[in-house]
Amino acid sequence: MELETVQAIAFSSMSAGTIPPEFIRSEKEQPAITTFHGYIPQVPTIDLSDPDEEKLTRLIVEASSEWGMFQIVNHGIPSDVISNLQKVGKEFFELPQEEKELYAKPPDSKSIQGYGSKLQKEVEGKKAWVDHLFHNIWPPSAIDYQFWPKKPPTYRAANEEYAKWLQGVADKLFGRLSLGLGLGEGTLKESVGGDELLYLLKINYYPPCPRPDLALGVVAHTDMSAITILIPNEVQGLQVFRDDRWFDVKYISNALVIHVGDQLEILSNGKYKAVLHRTTVNKEKTRMSWPVFLEPPSDQVVGPLPQLVNEENPARYKTKKYSDYVYCKLNKIPQ
């Protein structure tokens, strides 16, 4: 199966110094025109090891309500666990094309898992400057190892180790966010599936692009997940939309980037805001990122939590099965 990958297009585009027209964004999207270069407010950074639990809850709630995004430091995941995850992901994308295609998403697959470049219905037939690999990393019952690369040989161990450490961070975030809504610490996690909560890893690979002023790695979107926990590489590129402007997000070394996703906004009935973000690309360097989407199982019904809804504060979102939500979002059907 011959995939048309951005990695291959990038290779041929570099010598020409141009990119195919389907990658050129409209003027209202082009990063050169739409990125704000004045004073840039910084996304909040939160020390997850802060012993003052009330303060920690308050900071997470404020960041989730006002930004929908924050970075966490001192999160407890050893730096070698993170660097090993990055190393094996990078090595996979540097394999020959035919070896990567062994993990290609089957054309008729209902699942998102696998290697490829097309993800959702693109408006006006435009394409994003990115290849990706998706697979579940937790719980064990949701893992399909046919989509886990066998090369490099340490790929599986590195991903399993990261998944093990990540659960503690996820539980802490869900607990603080629950308390911030005046609910029991376990309420939000239970509402997105409890122990059946899916950890879906996506590796984004953004090759060097001869016209980074015209293309986008990922278009403006909010995540479908409840929470997304992201590791970037050293190449900047994440942007957040705030005050009607696009701002660069300045990474902090060894931090994890946290996004509030659609399901958390729905469950909180709008108190927490799913963050609108996008990705730019680089002319000289390959950018990569490793988001893990914390998602409900497909048949989990998600809606505003009844404890948060009353006459003064009616439900602002529909209640529906997560699989129905995903279908509508990927096909650009109003929710």
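Q: How many of the residues of β2 are buried?

A: Please note at the outset that this is a predicted model. A residue counts as buried when its relative accessible area is under 20%. In β2, 5 of the 5 residues are buried, so the strand is largely enclosed by the rest of the structure.

Q: Which residues of β2 point one way, and which the other way?

A: M69, Q71 and V73 point one way from β2, whereas F70 and I72 point the other way. Residues on both sides of the strand are buried.

Q: How do strands of a sheet pair?

A: Strands of a sheet pair through backbone hydrogen bonds, and the sense is either parallel or antiparallel. Both senses occur at β2. With β10 the pairing is antiparallel, over 4 bridges, and I72 has L256 in β10 as its bridge partner. With β1 the strand runs parallel, joined by 3 bridges; here T45 has Q71 in β2 as its bridge partner.

Q: What is the order of the strands in the open sheet of 8 strands?

A: The order is β1-β2-β10-β7-β12-β5-β4-β3, and the pairing is mixed. β1 (residues 45-47) and β3 (residues 114-116) stand at the edges; each has a single partner strand, so one side of each is left without a neighbour in the sheet. Neighbouring strands of this sheet are turned against each other by 25° on average, direction ignored.

Q: Which strands stand at the edges of the open sheet of 4 strands?

A: That sheet has the order β6-β11-β8-β9, and its pairing is antiparallel. Its edges are β6 (residues 218-221) and β9 (residues 245-248), each with a single partner strand, so one side of each has no neighbour in the sheet. From one strand to the next, the twist averages 25°. As a detail, β6 and β11 pair in the antiparallel sense over 2 bridges, and V218 stands opposite T279 in β11.

Q: Let us turn to helices. What span does α4 reach from its first C-alpha to its last?

A: One compares the span of a helix with the value expected at 1.5 Å a residue. α4 has 15 residues and reaches 22 Å, close to the 21 Å expected. Its buried residues are V81, I82, L85, Q86, V88, G89, F92 and F93. Seen down the axis of α4, these buried residues fall within an arc of 170°, so they line one face of the helix.

Q: Which side chains make a polar contact with the side chain of H259?

A: The side chain of D223 is joined to that of H259 by a polar contact of 3.0 Å. The side chain of H277 makes a polar contact with the side chain of H259 as well, at 3.5 Å. Leaving aside neighbours within four places in sequence, the residues in contact with H259 include G68, M69, A226, I227, T228, L230, L238 and V275.

Q: Which residues other than glycine have a positive phi?

A: Most residues other than glycine have a negative phi. Among those with a positive value here are N74, with a phi of about 50°, and N269, with a phi near 55°. N74 is found in the loop between β2 (69-73) and α4 (79-93), while N269 is in the loop between α8 (262-267) and β11 (277-279). N74 is exposed, because its relative accessible area is 51%; N269 is buried, because its relative accessible area is 3%.

Definitions and conventions
Residues are numbered from 1 along each chain as its sequence is written. This is a predicted model: local features need pLDDT of at least 70, side-chain atom pairs count only at pLDDT 80 or more; totals for chains, interfaces and linings use all residues. Side-chain values use heavy atoms; hydrogens and water are left out. A polar contact is a pair of N or O atoms within 3.5 Å; within protein, one must be able to donate a hydrogen and the other to accept it, and residues adjacent in sequence count only if both atoms are side-chain atoms. Contact means heavy atoms within 4.5 Å. Buried means under 20% relative accessible area, exposed over 50%, partly exposed in between (1.4 Å probe, protein chains only). The expected span of a helix is 1.5 Å times one less than its number of residues. The arc is that of the directions from the helix axis to the C-beta atoms. Two strands pair if DSSP finds at least two bridges between them. Axes are lines fitted to C-alpha atoms, for helices over the stretch in contact, and angles run from 0 to 180 degrees between N-to-C directions.
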